[in-house]
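Dear colleague,

I am handing over the structure below, followed by notes on what was found in it. Please keep it open while you read.

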Amino acid sequence: MKLEVKCNVEDCKYWDEGDRCIADSIYVVGHHGSREADKVEETACKTFEKRT
């Protein structure tokens, strides 16, 4: 299954033109170790790696 993931963090090594994420997999976690979230602000992308 092909899935398009959008991301606008241009200094991530997985960012590509058109705001596309080109990572093989995406890992998203809840803040403070929680496994539940009620809104987007309570989540974070752990796949991010600083572009060098």
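The side chain of H31 has a polar atom that lies 3.1 Å from the backbone oxygen of E41, and the backbone oxygen of T43 likewise lies 3.1 Å from a polar atom of that side chain. The model is a predicted one, in which local features need pLDDT of at least 70 and side-chain atom pairs count only at pLDDT 80 or more, while totals for chains, interfaces and linings use all residues. Residues are numbered from 1 along each chain as its sequence is written, and side-chain values use heavy atoms, with hydrogens and water left out.

H31 sits in the loop between β3 (28-30) and β4 (43-45), strands being DSSP runs of E of at least two residues, numbered from the N terminus. With residues up to four places away in sequence set aside, H31 touches E41, E42, T43 and A44, where a contact means heavy atoms within 4.5 Å. H31 is partly exposed, because its relative accessible area is 36%, and that class lies between buried (under 20%) and exposed (over 50%), with a 1.4 Å probe and protein chains only.

D19, found in the loop between β1 (15-16) and β2 (20-21), is also partly exposed, at 31% relative accessibility. The phi angle of D19 is near 55 degrees, a positive value in a residue other than glycine.

By C-alpha atoms, H31 and E4 are 24 Å apart in space and 27 residues apart in sequence.

Best regards

Conventions
Helices (H or I, at least four residues) and strands (E, at least two) are DSSP runs, numbered from the N terminus. A polar contact is a pair of N or O atoms within 3.5 Å; within protein, one must be able to donate a hydrogen and the other to accept it, and residues adjacent in sequence count only if both atoms are side-chain atoms.
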